Amino acid sequence: MNWTLEVVVVPVSDVDRAKAFYADQLGFAVDHDTVIGDDVRIVQLTPPGSGCSIVIGKGAVPQMPPGSLRGLQLVVPDLAKARAELLERGVEVSEIQVLGENPRPVPEPLDNVGFVFFTDPDGNAWAVQQISSRA
């Protein structure tokens with residue numbers, strides 16, 4: 001039996017501002033934006049090519065302090081290209097950082113160890129890691 005992680009709730013203070021950031025600046029697809037009355041709204045967004053989505057909203061999502069999520073990680077095959085795209089979209093993103101070293105030779109020197117970091121408007125922290133191919 002496969003167990004797949006498909007949704008992560010991201011706590012935000014302003015659903016419209018967060019939706020704009022994730023859709024317009026990061027390029028996530030808006031899967032749905034469902035309003036179920038004045039106090040309930042659920043927005044699901046998915047990064048390009050991902051099998052896992054994020055959910056932001058109010059009312060029907062778990063209560064967590066906005067900006068409290070850490071350690072979210074996206075994986076891309078070309079970190080320099082991804083960083084350039086984020087910068088073009090107006091995202092404040094770190095320089096490329098190399099964290100650690102590969103235990104065995106890899107075709108691309110940044111594979112597994114190359115990262116950039118950014119936060120959403122509420123301060124939820126994201127990492128982007130380069131993995132160009134998997135064994």
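Let's start with a pair: Glu 85 and Arg 89 form a salt bridge, N to O at 3.6 Å. By salt bridge I mean a side-chain nitrogen of Lys or Arg within 4 Å of a carboxyl oxygen of Asp or Glu. Glu 85 is partly exposed at 38% relative accessibility, and Arg 89 is partly exposed at 33%. The cut-offs: buried is under 20% relative accessible area, exposed is over 50%, partly exposed is in between, with a 1.4 Å probe and protein chains only.

A word on the source. This is a predicted model, where local features need pLDDT of at least 70 and side-chain atom pairs count only at pLDDT 80 or more, while totals for chains, interfaces and linings use all residues. Numbering runs from 1 along each chain as its sequence is written, and side-chain values use heavy atoms, without hydrogens and water.

How many salt bridges does the structure hold? Six. Asp 16 pairs with Arg 41, closest N and O atoms 2.8 Å apart. Asp 16 sits in helix H1 and Arg 41 in strand E3, 25 residues apart. Helices (H or I, at least four residues) and strands (E, at least two) are DSSP runs, numbered from the N terminus. Arg 41 is buried at 14%. Asp 33 meets Lys 19 at 2.9 Å, N to O. Asp 33 lies in strand E2, Lys 19 in helix H1, so this bridge ties together parts 14 residues apart in sequence.

Now the core. The largest nonpolar core has 26 residues, and Tyr 22 and Phe 118 touch the most other members. Such a core is a set of buried Ala, Val, Leu, Ile, Met, Phe, Trp, Tyr and Cys residues joined through side-chain atoms within 4.5 Å. H1 gives the largest share, five residues.
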